[in-house]
Amino acid sequence: MIYLDNNATTQPAEQVVDAMLQAQRQWWANPSSVHRFGQQVRGQVEMAREELADLLGCKSREIIFTSGATESNNLALRGMTAARPDRRIILTTAIEHSAIREPCEHLAEQGYRFVHVPLLTGGLVDTDAFAQLLNEHADDLGLVSVHWANNETGVIQPVEQLAVMCKEKGVPFHTDATQSAGKIPIDLASTAISALSLAGHKFHGPRGVGALVVRSGARLVPQQRGGPQERERRGGTENSPGIIGLGVAAQLAGEYLASDEPARVASLRDRLENTLLQRIDGAVVNGVEAPRTSNTTNIGFPHLESEAILILLSEKQVCASAGAACSSGSLEPSPVLLAMGVPEPVAHGSIRLSLSRFTTEQEIDQALEIIPPAIERLQATLPQ
Ligand code: PLP
């Protein structure tokens with residue numbers, strides 16, 4: 001199998017699996033229990049919090065463990081807007097993950113309004129338009145939410161700059177960093193970001209565990225009540241094995257970012273992308289105009305159907321994805337690509353190939369032997 005779907009999820013690192021198994025077998029007490037056994041597990045959970053805080057450059061007490069990025073995003077959107085109920089506008093983009101877009105739509109049904117910031121070519125936020133919208137709505141803005149790196153294209157938004165602009169206007173800034181945490185260096189202490197979401201499984205940690213970081217001073221109304229856990233910001237017995245696994249993944253991600261490995265992954269991605277562009281007529285890279293995470297390429301093959309490409313690649317043992325969704329029998333192109341200005345025939349035939357630190361040179365060699373003839377085969381079926 002050639003696994004090029006790491007933006008969907010990553011293989012958990014061996015050390016993560018080992019730590020989680022040990023937690024399930026040995027450290028299964030409730031971390032809220034006062035007895036020594038419970039307090040030993042509490043110690044492990046707090047160590048994991050420290051590891052994650054080290055990766056993100058924040059304070060450990062700013063971290064709220066959640067069930068993943070979807071919950072973190074929901075908590076940020078609902079909890080941060082609820083803290084300023086007089087402010088009813090959310091500024092965001094049309095190219096967020098559905099875990100931001102859908103809660104925004106739901107909030108809109110409850111009397112909120114969301115405004116989309118215009119984008120430049122390549123899908124980058126237009127910072128001038130952003131500044132204008134901030135000026136226009138400053139007094140009514142409850143929250144600004146812009147993702148750090150895009151899950152479909154890897155395009156990296158200038159979130160640090162946007163956060164500074166928000167701070168100047170006294171508006172909290174949240175970022176969905178699910179596709180950047182563990183992939184690019186993050187030092188929250190040196191930014192004006194108020195809150196950040198992530199999920200462990202995107203950087204070789206476990207699925208079903210994530211975090212929302214809420215910086216000191218930022219306000220949040222808890223959305224899940226029922227216990228004092230996570231400093232009363234998220235009730236419910238902690239998923240301690242998951243949290244312990246996330247801590248190990250954070251430590252490993254820190255070591256990865258400090259090594260030469262990101263450059264190796266970048267060169268594999270570049271070789272994959274450049275060779276596909278050379279070998280396949282009409283192939284285009286979506287988001288190429290902007291800075292991107294070094295593990296992601298989103299390539300469009302005009303007039304093809306991404307679903308057909310993915311099925312053919314899957315038959316040849318290549319795992320890839322598309323932003324496309326199959327709704328009521330008709331294949332819809334990715335709304336993210338369309339909102340970025342990618343023409344429809346290209347968006348329809350776009351696929352995402354995403355690497356990780358586990359991706360090998362041999363896998364890329366094999367992918368390069370498989371993908372061009374597969375695309376040519378599909379292109380040959382197009383009407384002339
Ligand atoms: N946000 C982004 C940018 C993502 O890529 C994902 C997962 O694909 C999520 C949020 C949701 O993560 P989870 O399904 O782990 O809650």
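Which residues surround the ligand? They are G68, A69, T70, N73, H97, N151, D176, T178, Q179, A199, H201 and K202, where a residue is near a molecule if one of its heavy atoms lies within 4 Å of it.

This is a predicted model, in which local features need pLDDT of at least 70, side-chain atom pairs count only at pLDDT 80 or more, and totals for chains, interfaces and linings use all residues. Residues are numbered from 1 along each chain as its sequence is written, and side-chain values use heavy atoms, with hydrogens and water left out.

**Ligand contacts**

The table lists polar contacts, meaning pairs of N or O atoms within 3.5 Å.

| Residue | Protein atom | Ligand atom | Distance |
|---|---|---|---|
| A69 | polar backbone atom | oxygen | 3.3 Å |
| H97 | polar side-chain atom | oxygen | 3.3 Å |
| D176 | N or O atom in the side chain | nitrogen | 2.6 Å |

Taken alone, the ligand exposes 390 Å², and the protein buries 83% of that; the areas come from the Shrake-Rupley method with a 1.4 Å probe.

**Whole protein**

The protein has 13 helices and 14 strands; these are DSSP runs numbered from the N terminus, helices being H or I of at least four residues and strands E of at least two. Its radius of gyration is 21 Å, close to the 21 Å that the globule rule gives for 384 residues, so the protein is as compact as a globular protein of that length. This radius is taken over C-alpha atoms, and the rule is 2.2 Å times the number of residues to the power 0.38. Along the principal axes, the C-alpha atoms fill a box of roughly 70 × 55 × 40 Å. Of the 384 residues, 57% are buried, that is, under 20% relative accessible area with a 1.4 Å probe, counting protein chains only.

**Strand β5 and its neighbours**

Strand β5 covers residues 141–145; five of its five residues are buried, so β5 is largely enclosed by the rest of the structure. Two strands pair if DSSP finds at least two bridges between them. Strand β3 (residues 89–92) runs parallel to β5 and is joined to it by three bridges, with I90 opposite L143. Strand β6 (residues 173–176) also pairs with β5 in the parallel sense, over two bridges, and there S145 has H174 as its bridge partner. Together with helix α6 (residues 159–169), β5 and β6 make a right-handed β-α-β unit: with the strands pointing away from the viewer, the path from the first strand over the helix to the second runs clockwise.

**A three-stranded sheet**

An open antiparallel sheet has the order β9-β10-β14. Its edge strands, β9 (284–285) and β14 (350–354), each pair on one side only. Two bridges link β9 to β10 (residues 296–300), and V285 has I299 as its bridge partner.

Terms used. Buried < 20%, exposed > 50% of the residue type's maximum accessible area, 1.4 Å probe, protein only. Polar contact = N/O pair within 3.5 Å; in protein donor to acceptor, adjacent residues only side chain to side chain.
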